[in-house]
Amino acid sequence: MSDKPEYSAWFESLANPGERYELDEVVYTDRDGGLLQVVHDMEELKKTSAQGWKSLFEDRGHKNEWPYGSGVWGKKEWVLPGIDNENVVSMYEGHSNLFWAERYGRQVGVEDLWIKLCGNSHTGSFKDLGMTVLVSMVKEMIARGASISAVACASTGDTSAALAAYAAAAGIPAIVFLPRGKVSLAQLIQPVANGAIVFALDTDFDGCMDIVKQVAASDGVYLANSMNSLRVEGQKTVGIEIIQQLNWEVPDWMILPGGNLGNVSALAKGLDMLLELGLVDRRPRICVAQAEAANPFYLAYQRGFETFEPIAARKTMASAIQIGNPVSAVKAIDAIQRYDGVVEQASEAELSEASAEADRTGLFNCPHTGVALAAMKKLIARGDIRKSDRVVVISTAHGLKFVDFKTDYHRMQTEDLIPELPNPPIELSASYQVVRDRMLEEIERRFHS
Ligand SMILES: *Cc1c(COP(=O)(O)O)cnc(C)c1O
């Protein structure tokens with residue numbers, strides 16, 4: 001007999017902890033329709049010291065030993081311990097760069113500003129972190145004999161791209177339901193290219209969600225939305241990874257955009273584990289940023305979370321967070337309350353300008369990151385964020401997925417907006433004299449006046 005720890009995890013009802021399910025059961029909610037969460041046997045995990053975990057995570061990073069070289073699977077014991085390594089479906093996601101945004105930080109008035117570029121990932125958004133876990137579990141379930149005909153999701157664009165890629169890598173059929181005309185071309189073409197069955201429906205995200213829930217309930221299709229708490233297990237590594245990248249020092253603030261609110265729930269869950277297992281000794285404050293056009297969480301925060309009312313989300317350029325009835329609201333409220341959090345919002349003009357301003361310092365932001373940056377500026381203006389605070393902004397997707405947003409801005413074609421920093425290409429005849437005069441004029445105007 002070895003005394004090697006036997007790690008385990010299971011689903012548990014959030015409202016009623018006695019109600020448990022195995023992770024290979026096809027179950028998305030508790031008996032009352034409430035959220036489930038994945039719970040780990042913390043006593044087993046505590047048998048390894050904080051230093052032991054830090055060394056293990058550091059040793060595994062950026063190496064090729066399957067599957068631990070992935071930023072998610074390098075923390076397998078904390079994520080999904082029971083799965084056979086052969087069934088892991090990974091593209092070595094995670095390990096995205098966290099960089100010191102020195103020039104932008106100086107401009108906005110925080111010297112210690114860091115940006116976590118989750119969009120530098122296989123499908124260009126943080127959704128890869130959760131999808132590797134969900135699709136791996138599906139592969140494991142199929143290997144154990146489950147009859148699952150396909151995996152399906154409703155999506156504002158990035159979830160479907162991640163699902164399609166991981167399902168294609170595993171050879172599992174994927175079905176995605178998108179709101180027609182409400183996702184970017186780049187987001188639409190990803191599941192198309194990966195061979196998913198792509199439905200573009202005449203509704204919004206919330207309408208797609210209703211359809212996928214029915215399909216999952218009746219047709220042998222496995223649900224891949226973040227209502228499925230397996231995704232949260234992968235996504236929770238983002239906070240752990242950020243703190244690892246900061247040499248295990250906890251920043252003062254973490255700011256991220258929120259729509260369905262799975263990501264903020266995941267962030268808090270990862271940070272909880274760091275605390276409970278002694279790798280850190282304090283909490284950062286968390287700020288969730290919403291688009292003003294889709295702000296049910298902001299409104300609930302304004303009411304002190306006494307009630308949570310879904311709304312009909314209006315159109316926003318931050319299309320991935322155009323959600324009126326967020327699935328993970330209950331978990332997110334808990335996260336905000338425990339992490340001394342705040343919820344902010346940004347108008348279309350504020351998110352556009354914040355994104356453009358940051359781009360001018362070398363970034364290339366998606367509109368959702370623009371929402372987070374605009375929220376950060378409000379917290380700085382109010383004095384909630386102080387000049388000496390260490391702030392980490394979680395950038396959720398790559399700007400290249402949202403070129404229309406940027407093109408419209410720089411062509412000055414954004415609806416109801418006169419942009420402050422447009423930089424359209426200068427179209428001239430190919431004459432040296434004409435080009436030279438204009439070039440010298442632009443250098444003078446932009447950099448010396
Ligand atoms: C999904 C997504 C979000 C929102 O995350 P939630 O978990 O739904 O709150 C933000 N930004 C981008 C780019 C996304 O794809």
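Mentor: In this predicted model, the ligand is surrounded by 14 residues. Lys 127, Asp 158, Gly 259, Asn 263 and Thr 396 are the closest of them. Sorted by class, this shell consists of 5 nonpolar, 7 polar and 2 charged residues.

Let us turn to individual contacts with the ligand. Asp 158 places a polar side-chain atom 2.6 Å from an oxygen atom of the ligand. With Leu 261, the atom concerned belongs to the backbone: an N or O atom there lies 2.8 Å from a ligand oxygen atom. Gly 262 likewise contributes a backbone N or O atom, at 3.1 Å from an oxygen atom of the ligand. On its own, the ligand has 380 Å² of accessible area, and the protein covers 97% of it. What kind of space does the ligand take? The space is a cavity, and the largest one.

Next, consider a sheet. Three strands form an open sheet, in the order E2-E1-E3, with antiparallel pairing. Its edges are strand E2, residues 20–21, and strand E3, residues 36–40, each of which pairs on one side only. In general, strands of a sheet pair through backbone hydrogen bonds, and they may do so in a parallel or an antiparallel manner. Strand E1, which spans residues 9–13, is joined to E2 by 2 bridges, and these two strands run antiparallel. Within this pair, Phe 11 stands opposite Tyr 21 of E2.

Finally, two details of the backbone should be noted. As a rule, most peptide bonds are trans, and most residues other than glycine have a negative phi. The bond between Trp 66 and Pro 67, however, is a cis peptide bond, with omega at about -10°. Pro 67 belongs to the loop between helix H2 (50–60) and helix H3 (76–79). Trp 248 is not a glycine, yet its phi is positive, at about 65°. This residue, Trp 248, is located in the loop that lies between helix H10 (237–245) and strand E10 (253–257).

Definitions and conventions: Residues are numbered from 1 along each chain as its sequence is written. This is a predicted model: local features need pLDDT of at least 70, side-chain atom pairs count only at pLDDT 80 or more; totals for chains, interfaces and linings use all residues. Side-chain values use heavy atoms; hydrogens and water are left out. Two strands pair if DSSP finds at least two bridges between them. Helices (H or I, at least four residues) and strands (E, at least two) are DSSP runs, numbered from the N terminus. A residue is near a molecule or strand if one of its heavy atoms lies within 4 Å of it. A polar contact is a pair of N or O atoms within 3.5 Å; within protein, one must be able to donate a hydrogen and the other to accept it, and residues adjacent in sequence count only if both atoms are side-chain atoms. Accessible areas come from the Shrake-Rupley method with a 1.4 Å probe; for residues, only the protein chains shown count as cover. On a 1 Å grid over the protein atoms alone, a cavity is a set of points where a 1.4 Å probe fits but cannot get out, and a pocket is an open set with protein on both sides within 12 Å along at least five of seven lines; lining residues have an atom within 4 Å of a point. A molecule sits in a cavity or pocket if more than half of its atoms lie within 2 Å of its grid points. Ala, Val, Leu, Ile, Met, Phe, Trp, Tyr, Cys and Pro count as nonpolar, Asp, Glu, Lys and Arg as charged, and the others, Gly among them, as polar.
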